[in-house]
Amino acid sequence: MLTPDAAASPIAPSHLAVEEALRAASPAVEVTILRPRAFAGNAQQWSWSVRATGAVNLPYPGSHCDAIHETDLAEAALAVLTAPAGAAVRGRRHLLTGPESITFAEQIAILEGVTGRPITVHTVSPQDWKAEVAGYVPEHFADALLNYWRASDGSPVPLTRTAEDLTGHPGRTFATWAEENAAAFRDWKSVGPALRPVACWRRERSGDPPHLRP
């Protein structure tokens with residue numbers, strides 16, 4: 001939604017459609033849109049691989065993101081919903097980012113520190129990564145992710161103070177998220193009873209460690 005060609009992106013159209021539907025309801029319905037970019041919780045995609053092999057395969061480990069903590073996002077939404085009628089924060093679009101531009105490799109180093117276990121980052125080619133995730137990430141979607149990561153490889157992403165302004169406090173860092181979710185990267189018990197059969201089925205079905213499985 002943040003670029004002129006959003007409609008052509010494999011990732012953005014579903015979000016764009018919601019925004020357009022909401023805008024069509026205005027002014028009968030007051031519309032305030034929150035646009036977070038990257039979620040800290042996206043790191044959960046590495047948990048399967050870390051638990052199974054102690055390693056993560058990445059095509060662009062130096063790619064930057066602005067991971068926002070889900071609690072900050074929820075608090076920003078609460079601030080808008082509870083703001084009085086006519087408040088400046090209502091009826092606008094808000095671009096939300098985390099408080100830091102951080103690379104995938106830096107995120108994994110933080111996870112390594114909070115879990116107390118070594119985590120190896122293997123730099124793989126984009127083609128090898130696509131082949132690895134082909135069973136559950138459509139090719140056009142994988143290409144869009146690779147393009148996005150390539151564009152921010154070695155380049156810090158711009159940040160906003162919007163989440164901080166809405167919540168009234170500094171944004172939670174990725175290190176905070178990692179400390180709160182460290183158990184998910186330590187052992188299979190943290191997956192929870194409901195998901196353990198799914199995890200086992202995935203391993204048996206693929207015959208390989210479940211790298212980057214959602």
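**Exercise 1.** Find where Glu19 sits and decide whether Glu19 is buried or exposed.

*Solution.* Start with the element: Glu19 belongs to helix 1, residues 13-25. Helices (H or I, at least four residues) and strands (E, at least two) are DSSP runs, numbered from the N terminus. Next comes the accessibility: Glu19 has a relative accessible area of 5%, so it is buried. Here buried means under 20% relative accessible area, exposed over 50%, and partly exposed in between, with a 1.4 Å probe and protein chains only. Finally, look along the chain: Val31 is twelve residues from Glu19, and their C-alpha atoms are separated by 9.1 Å.

Before you go on, a word on the source: this is a predicted model, where local features need pLDDT of at least 70, side-chain atom pairs count only at pLDDT 80 or more, and totals for chains, interfaces and linings use all residues. Residues are numbered from 1 along each chain as its sequence is written, and side-chain values use heavy atoms, with hydrogens and water left out.

**Exercise 2.** Describe the protein chain as a whole: how many helices and strands are there, and what percentage of the residues is buried?

*Solution.* Count the elements to get nine helices and six strands. Then turn to burial: of the 214 residues in the protein chain, 37% are buried. Last, take contacts (heavy atoms within 4.5 Å). Of those between residues at least 6 apart in sequence, 82% join residues at least 24 apart.

**Exercise 3.** Work out how helix 5 and helix 6 pack.

*Solution.* Begin with the geometry. Helix 5 (residues 126-133) packs on helix 6 (residues 139-151) at an angle of about 140 degrees, and their axes are 10 Å apart. That angle makes helix 5 oblique to helix 6. Axes are lines fitted to C-alpha atoms, for helices over the stretch in contact, and angles run from 0 to 180 degrees between N-to-C directions. Angles under 35 degrees count as roughly parallel, over 145 as roughly antiparallel, 65 to 115 as roughly perpendicular and the rest as oblique.

Now list the partners: helix 5 brings Pro126, Trp129 and Lys130, which meet Glu139, Ala142, Asp143, Leu145, Leu146 and Trp149 of helix 6.

**Exercise 4.** Locate the largest nonpolar core and say which element gives the largest share.

*Solution.* A nonpolar core is a set of buried Ala, Val, Leu, Ile, Met, Phe, Trp, Tyr and Cys residues joined through side-chain atoms within 4.5 Å. The largest one has 28 residues, and those with the most contacts inside it are Trp46, Leu111, Trp129, Phe174, Trp177 and Phe185. At least two residues each come from strand 2 (55-58), helix 4 (104-115), helix 5, helix 6 and helix 8 (174-180). The largest share, four residues, is that of helix 6. Another core, of seven residues, lies apart from it and includes Ile68, Ala76, Val80 and Ala163.

To see one member close up, take Phe174: beyond residues up to four places away in sequence, Phe174 touches Ala40, Ala43, Ala67, Glu100, Ile102, Gln107, Ile110 and Leu111.
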